[in-house]
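Please look through the sequence and the model shown below.

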Amino acid sequence: MSNNDASIVLEAKGITKQFPGVLANDRVDLTLRRGEILALLGENGAGKSTLMNVLYGLYTPDAGEIWIKGEHVILQNPGDAIARGVGMVHQHFQLVPVMTVAENVILGSEITKLGGYIDKREANRRVRELSEQYGLEIDPTIEVEDLPVGLQQRVEIIKALYRQADILILDEPTAVLTPQESNELFRIMHDLTEKGVSIIFITHKLKEVLAIADRIVVLRGGRSVGAALPSESTEASLAELMVGRKVILQVDKDEAVPGKLVLEIDGLHVQDDRKHEAVKGLSLQVYAGEILGVAGVQGNGQREFVEALTGLRPSTEGKITIMGEDATHLTPRRITELDVAHIPEDREKHGLVMPYSIADNLVLNRYYRAPYSKNAILDREKIAENGAKLVKQFDVRTPSIYTHASSLSGGNKQKVIVAREFSRPVKLLIANQPTRGIDVGSIEFIHNQIVAQRDAGVAVLLVSAELDEVLSLADRVAVMFDGRIVKTLPIEEATREKIGLLMAGSEA
Amino acid sequence: MTSVPAQDKGKDRAIGAVRRIWRSISVPLVAVLLGLLIGGILLFVSGANPFEAYGALIKGAFGTPVAVQRTLEKATPLVFSGLAVAFAFKAGLFNIGAQGQLLIGAIVAAYVGFAIEGLPAIIHAPLALLIGGLAGALYGYIPGVLKVYTGAHEVIVTIMLNYVAINITDYLADGPWKDLSPGNVVARTPKIQPSAEIPILGNIPLGFIFAVLAAIIVWWLLYRTTLGYEIRTVGLNASAAQYAGIRVARMVILTMMISGFLAGFGGAVETLGIVGRYQPGFNAGLGFDGITVALLGKTSPFGVIPAALLMGAMRAGASQMQFSAGVAKEITDVITAFILFFVAADVIVKWLIRQRDSDDERIMLSSGWGGN
């Protein structure tokens, strides 16, 4: 059939992969041509990762065939895939921080001299050669931990190239990058394709797809629901394909009506887990009825900042005032009782107890109060009623309120947290990455909920690494870099370019 | 909008309960069968008739009312030590120190039992039990506090405290609390007053009824009270517990104390109901076997009871087996070890019975690879 077409380097036919209770891939077809960038677009849980793991040999499909360069192959493990020129850059880098770039690259296929010694000189030479050949501009002798994230990602790419990959799978590569770093990555991707490398680019960011892809394949619910060309697509048309219905991308909101000062932070200092100072004198104010969006590349102290603010981590210096009360050293419970809601960054670590039912998770920080308990005895009926009510009100898609949180999709997990936090009186909402990694439908829902809270007079502090999210929700934008707020702008003045530069640490 | 139809709720619960119960008992059940099977092979290889041996074992454990009583007596302290270990597990703590806590509880109960005279039985026995339990709780407090304030791991600390407990009890039984009655040369405390004894009702030791009640109370505490919710939250996700405003450090200490209380209470029941005094060596291994019982019972308060009964039955029947089938009674230890092995290495059992890991685990795996 189409295998005769010499330009096709990889073809998947009717890939089906079943997990207990989930048909992750349902007869998915995919073709990749030499030197093209194929964007694989889909919501979380659409089956993108499963499909890529099948192509990379991590999963064996239940049905379907994989053809690489005209040859029918059965991939038992990633080794088989690598041997056929398939390389994958995972979202979470698989690098050893204390090793140099070259050492990381050769790890697993070391160049050795007589006696089993690693030939570092030769390794450095080969890495430098690759780096020049593909315009990656990286010094092989630097230790990986000293590299910014964008460059670490290039090390991953070199790792694949070093293993002679000419089919590259990039899993959400821009999730950890600034807009400028993303553009740099796109340039590299472009260079790679000119040299004959073919790329599958996994993402859920519509803008990027339109900017870089040659072709687009959209997955939904494990099926391939359409192919598109960027020239013939718009963000709206792609979003509709992804979700299966019309999606309003722009959050619809009125002008903010800021009220009195709710949260004031003055010169806050916080240490990270390694006792390094991560927040270095951060100050900001949030007023009732407004959304202050904190933009910034991940790892600039946002996590430590929010944890200190919510009582999960001690601060070393500075002052936090909530509704006029000194909240610098309060416990998480005392802060919650000041009517502060917190959507934590890591929903599976802080936000939910995975083996608990949805109903139990919905009372996680209120279980000890009436009506959920009386005289230290839980009222199971009331907890169940609350669960049923919130599941309905916040549209959590679950077979039952007794379902464990762990079996929900990312979006529904987040809805459980939002339901819990928004269903009580709130004066201050702290939302850290409230929509990370969840489907468009849930994002839309959660964004609307946040705006509704604002309109009800809640002061909202939104921390997000997704610039688009900050720009579409915030009334004022504060840019965080290296543990400080470097600048706060009204939304009208906050352009992508200006914010992007500030995020990278240069004064705009 | 405010409530779910009662019917659905009941159905949901029922289906969930049945699935949960099957999930939790299938592995231990098969593990027991496999352990007996391997034990049978061993018996056969060593020249005995496995059927005969097992027949004698069962007869020795359940064949007569007296045999049943012996089984229950053997099972009673194991229920308590099993509950102690299982309870700590719920908070994510591994209490290897049930043995030490049990010894302390046993000797303190013995002291209260022999040293106080003239109390009516209705006060004396409960008092001795309670103080035995509290002594265990105090002994459990030590590793809890050390973990919270110094970060010392409870496994290491409780292992060491077991040796400390052995030496303290040896010293007391051969020193200040030694039985000085004429003719006694061994290290042991005096016999407890009759008023401190826990009676046997027919062939059912009252202590065993206490054990069953303890299991019910532990279940209720874990699943029906805010304290239980807090403890389980700490055990399942300490970060989320912190987020929820639960004081994790306090829960760790409290859990170790409750666990120690259960173990100490078990020791006290053994002293007051069976041994009648404290004598070094008589309680050996009861706390350690609690770990086996807790694991076999899948750390569920109600799972602990059948697990303890099984272990108790093997201990009670072993002599009969040795006597009538001519098999060394240590074979029961081998069987126990294999059962525990299969419970711990549940992958083997799950593979045998084709039980897949729960859907949750699988789905997590599928999205785990750079999924989001």
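In which sense do S1(A) and strand S4 (residues 63–68) of chain A pair, and over how many bridges? In this predicted model, the two strands run antiparallel to each other, and five bridges join them. One of the residues involved is A:Thr16, whose bridge partner in S4(A) is A:Ala63. Strand S1, which covers residues 8–19 of chain A, also pairs with strand S2 (residues 22–33) of chain A. This pairing is likewise antiparallel and comprises eight bridges. Here A:Phe19 has A:Val22 of S2(A) as its bridge partner.

Along its principal axes, the C-alpha atoms of chain A fill a box of roughly 70 × 50 × 45 Å. Among the contacts in chain A with a separation of 6 or more, 68% are between residues 24 or more positions apart.

How is chain A divided into domains? The domain assignment places residues 2–243 in domain 1 and residues 348–424 in domain 3, while domain 2 is made up of 249–339, 426–438 and 455–508. The centres of domain 2 of chain A and domain 3 of chain A, taken over C-alpha atoms, are separated by 26 Å. Between these domains, five residues of domain 2 of chain A are in contact with six residues of domain 3 of chain A. On the domain 2 side, the touching residues comprise three nonpolar and two polar ones, with no charged residue.

In soluble globular proteins, nonpolar side chains tend to be buried together. The largest nonpolar core in this model has 253 residues, and A:Phe201, A:Leu462, B:Val79 and B:Leu83 touch the most other members. Helix H10 (residues 248–275) of chain B gives the most to this core, namely 14 residues. Which residues are in contact with B:Leu83, leaving aside its neighbours within four places in sequence? They are B:Ala214, B:Ala215, B:Val218, B:Leu262, B:Pro301 and B:Val304.

Definitions and conventions: Residues are numbered from 1 along each chain as its sequence is written. Chains are lettered from A and ligands numbered from 1 in the order in which they are written. This is a predicted model: local features need pLDDT of at least 70, side-chain atom pairs count only at pLDDT 80 or more; totals for chains, interfaces and linings use all residues. Two residues are in contact if their C-beta atoms, placed from the backbone, lie within 7 Å. Domain bounds come from an automatic or database domain assignment. Ala, Val, Leu, Ile, Met, Phe, Trp, Tyr, Cys and Pro count as nonpolar, Asp, Glu, Lys and Arg as charged, and the others, Gly among them, as polar. Two strands pair if DSSP finds at least two bridges between them. Helices (H or I, at least four residues) and strands (E, at least two) are DSSP runs, numbered from the N terminus. A nonpolar core is a set of buried Ala, Val, Leu, Ile, Met, Phe, Trp, Tyr and Cys residues joined through C-beta atoms within 7 Å. A residue is buried if 20 or more other C-beta atoms lie within 10 Å of its own, exposed if 12 or fewer, and partly exposed in between; C-beta atoms are placed from the backbone.
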